[in-house]
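Dear colleague,

Please find below the structure that I am handing over to you. My notes on what was found in it follow directly after.

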Amino acid sequence: MTLNETDRVMALAGLFQACSLVEQVAKNGTTSEETLETAIKSIFVTDPQNVAEVYGDVYSLHNGLRLVRGLLERDPEVVRSDAVRYALTLIHLEKKVRNNRAMMSAIGEGINRARGQLNHFGHTHENLIANLAGVYLDTVSTLKTRVQVTGDLRNLQNAACANKIRACLMAGLRSAILWRQVGGRRWNLVFSRKAMLNECNSLLKGNL
């Protein structure tokens with residue numbers, strides 16, 4: 001797989017976009033079906049030739065790229081958003097998951113089982129979403145550190161919303177793993193901020 005700034009920014013945008021879905025579902029109980037599909041599809045692209053293959057195209061990451069730009073520009077509204085908090089927590093959890101071979105194996109097996117449903121259901125079908133949510137609940141949710149999701153209690157207690165939240169967190173974890181695979185590190189957000197911001201602006205400019 002290639003290792004360049006474009007790949008790192010796209011993978012980070014995928015992470016932020018998945019986490020923005022978590023925030024939207026938790027607070028509003030709904031989200032864009034198209035953006036949700038992009039996130040769920042990314043979970044099943046486990047052996048990509050490049051980062052773009054994971055998300056389909058750059059345009060599908062438009063919302064995530066805007067969040068990345070806002071963070072790099074230190075926009076207070078973005079910096080304080082729940083989506084950014086979730087993303088940074090997933091970056092932390094990614095290392096713990098990656099170092100736990102049994103958990104990585106269980107996640108892989110769970111995704112493969114869910115993959116079998118794609119012959120019968122679409123990527124955003126409630127049955128597939130529930131299956132992926134179950135994988136997250138049985139693996140990542142068992143770690144001592146967890147993503148603390150906040151929002152409308154009615155949504156958090158609704159089974160369908162809870163499943164979407166967990167499935168989107170799984171998509172976020174997939175992007176966090178991808179970000180590390182293409183050389184992404186937390187220190188990049190500080191020491192490579194200018195280069196990442198330039199790349200982010202370039203990608204957004206070309207896909208308005």
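Helix α1 is largely enclosed by the rest of the structure, because 19 of its 24 residues are buried. Please bear in mind throughout that this is a predicted model. The length of α1 agrees with expectation: at 1.5 Å a residue its 24 residues should span 34 Å, and its end C-alpha atoms are 34 Å apart. At the start of the helix, a side-chain oxygen of N4 comes to within 3.1 Å of the backbone nitrogen of T6. After α1 comes G29, which has a positive phi, near 80°.

The loop between α1 and α2 contains T31. Is T31 buried or exposed? With a relative accessible area of 15%, T31 is buried, since the cut-off for that class is under 20%. Its side chain forms a polar contact with the side chain of Q24, at 2.4 Å. When neighbours within four places in sequence are left aside, the residues in contact with T31 are L21, Q24, V25 and L36.

L36 in turn belongs to the buried set of α2, together with T35, T38, A39, I40, S42, I43 and F44. Helix α2 covers residues 33-44, 12 residues in total. From first C-alpha to last it reaches 17 Å, close to the 16 Å expected at 1.5 Å a residue. The N-terminal end of α2 is capped by S32, a side-chain oxygen of which lies 3.3 Å from the backbone nitrogen of E34. Which helices do the buried residues of α2 pack against? They pack against α1 (5-28), α3 (51-55), α4, α7 (101-115), α8 (126-138) and α10 (159-181).

Several individual residues in these partner helices, and in the loop between two of them, may be of use to you.

- S175 is found in helix α10. Its relative accessible area is 1%, and it is therefore classed as buried. Apart from neighbours within four places in sequence, S175 is in contact with A11, G14, L15 and Y55.
- M103 is found in helix α7 and counts as buried, at 8% relative accessibility. Not counting residues up to four places away in sequence, M103 touches V97, T139, V140, T142 and L143. The C-alpha atoms of M103 and D138 are separated by 9.2 Å, the two residues being 35 apart along the chain.
- H125 has its place in the loop between α7 and α8. It is partly exposed, with a relative accessible area of 29%. Although H125 and E37 are 88 residues apart along the chain, their C-alpha atoms are separated by 9.6 Å.
- A130 has its place in helix α8 and is partly exposed, its relative accessible area being 30%.

I turn next to the packing of α4 with α12. Two packed helices are described by the angle between their axes and the distance between the axes. Helix α4 (residues 62-72) and helix α12 (residues 193-205) pack at an angle of about 145°, and their axes are 9 Å apart. The crossing of α4 past α12 is left-handed. On the α4 side, the contact is made by H62, L65, R66, V68, R69 and L72. On the α12 side, it is made by R193, M196, L197, C200, N201, L203 and L204.

Finally, R74 deserves a separate remark on its backbone. This residue lies in the loop between α4 and α5 (76-79). Its phi is positive, about 60°, although R74 is not a glycine. With a relative accessible area of 53%, R74 is exposed, the cut-off for exposed being over 50%.

With kind regards

Terms used:
Residues are numbered from 1 along each chain as its sequence is written. This is a predicted model: local features need pLDDT of at least 70, side-chain atom pairs count only at pLDDT 80 or more; totals for chains, interfaces and linings use all residues. Side-chain values use heavy atoms; hydrogens and water are left out. Axes are lines fitted to C-alpha atoms, for helices over the stretch in contact, and angles run from 0 to 180 degrees between N-to-C directions. Helices (H or I, at least four residues) and strands (E, at least two) are DSSP runs, numbered from the N terminus. A crossing is left-handed if the near helix is turned anticlockwise from the far one by less than a right angle, and right-handed if clockwise. Contact means heavy atoms within 4.5 Å. The expected span of a helix is 1.5 Å times one less than its number of residues. Buried means under 20% relative accessible area, exposed over 50%, partly exposed in between (1.4 Å probe, protein chains only). A polar contact is a pair of N or O atoms within 3.5 Å; within protein, one must be able to donate a hydrogen and the other to accept it, and residues adjacent in sequence count only if both atoms are side-chain atoms.
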